[in-house]
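Subject: Structure handover

Hello,

Here is the structure I said I would pass on. Please open it before you read the notes below.

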Amino acid sequence: MTALSAADDAGSVPRRDSGEMDLEQFRVELGGYCYRMLGSAFEMEDAVQETLVRAWRSLDRFDEARGPLRSWLYTIATNICLDMLRSAQRRARAMDLGPSAQAGPDLGVPLPQNMWLEPIPDGRVLPAGGDPAELTARRETIRLAFVAALQHLPPRQRAVLILRDVLSWKADEVARLLGSTVASVTSALQRARATLKTIEIAPAEPVQPTDQAQRRLLARYCEAFERYDVETLVSLLHEDATMSMPPFSWWLRGRAEIRRALLAAGRPCEGARLVPTVANGSPAFGQYRPSGPGGHLQPFALIVVELSGGLINETTTYLDAERLFPLFDLPPLPPPSADSFSDRSG
């Protein structure tokens with residue numbers, strides 16, 4: 001097996017010599033860029049790996065006099081993402097696909113995986129450490145609602161807006177990356193900003209592991225969820241909160257409608273366990289439901305919870321545990337005693 005094929009299998013790119021530049025140091029920031037472009041955790045992984053492999057193969061031809069290594073890697077990543085987006089359908093949330101439903105047993109037909117905006121662990125797309133205020137701002141730019149809004153932009157406009165407004169590149173740097181002009185980049189940015197202004201993005205608080213009020217709210221949510229205490233669950237919601245369950249386009253708006261749906265469902269999640277994690281800058285939980293032989297707990301869903309003003313304003317329950325639990329390093333069985341939220345979200 002060659003070093004390169006070993007790198008492909010291991011999901012990493014080797015260093016050549018001790019004096020050569022290490023491409024792996026760029027994996028997380030490239031992941032953040034590609035995820036915002038593609039809206040898929042798994043396509044992001046493919047795009048970043050392809051970027052690093054192409055760069056590794058061409059490192060002998062890299063000319064630092066023409067620009068820094070980081071810019072060169074972003075150029076490769078951008079071209080890969082644009083190629084992937086040429087024939088791709090826009091990824092969306094349930095709220096982007098149609099009006100809210102009414103509580104009832106019919107969830108409709110599940111839609112294909114490639115239609116859905118996928119959640120991402122923070123650690124795959126956000127650098128560890130650094131300034132807390134900057135990290136909070138970065139978490140805002142990977143929120144499900146924000147990444148879903150980005151998917152409404154044509155791919156080149158999307159790249160321009162991410163590079164300029166999220167990553168703070170200068171206009172001339174973006175123009176060089178895209179092989180364009182400053183005037184063209186400025187025009188694309190203006191059009192992208194105008195489009196985003198027409199899309200409603202509800203405010204939400206990013207996860208704050210040291211925020212005691214947030215931790216208390218999430219603890220109450222977990223306790224009520226595991227007991228299937230509908231009245232307490234509903235009391236933790238904003239009046240106009242939303243609830244969705246990909247891969248179904250069915251979604252609900254409003255505390256009263258969500259209450260009706262939870263009561264009408266029977267008690268399917270009674271006895272469930274929630275194991276905390278973080279997704280898209282927000283609190284999230286791996287849900288284990290008693291569905292195995294003898295009522296053993298088994299992976300069921302990943303729940304992403306968005307908070308605002310001391311209450312929950314959105315829950316998204318991804319019914320794709322088989323793919324998502326390994327991505328989030330969630331075990332096949334819940335631990336004897338689930339970690340506290342702060343243990344997994346710091």
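How many residues does the largest nonpolar core have, and which have the most contacts inside it? This is a predicted model, and its largest nonpolar core has 69 residues. Tyr33, Cys34 and Met37 have the most contacts inside that core. Helix 4, residues 69-85, gives the most to the core, with nine residues. Apart from this core lies another, of 29 residues, which include Leu217, Leu218, Met245 and Cys269. As background, nonpolar side chains in soluble globular proteins tend to be buried together.

Leaving aside neighbours within four places in sequence, Met37 is in contact with Cys81, Leu82, Leu85, Gln151, Pro155, Arg158, Ala159 and Ile162.

On the annotation: an unreviewed UniProt entry lists residues 144-196 as "domain: RNA polymerase sigma factor 70 region 4 type".

Helix 13 gives the most to the lining, with four residues. The elements that each supply at least two lining residues include helix 11 (212-227), strand 1 (237-244) and strand 5 (297-308). Met245 and Cys269 were named above as members of the 29-residue core.

Regards

Conventions
Residues are numbered from 1 along each chain as its sequence is written. This is a predicted model: local features need pLDDT of at least 70, side-chain atom pairs count only at pLDDT 80 or more; totals for chains, interfaces and linings use all residues. Side-chain values use heavy atoms; hydrogens and water are left out. A nonpolar core is a set of buried Ala, Val, Leu, Ile, Met, Phe, Trp, Tyr and Cys residues joined through side-chain atoms within 4.5 Å. Buried means under 20% relative accessible area, exposed over 50%, partly exposed in between (1.4 Å probe, protein chains only). Contact means heavy atoms within 4.5 Å. UniProt positions are given in the numbering used here, feature names are shortened, and annotations may be inferred rather than shown by experiment.
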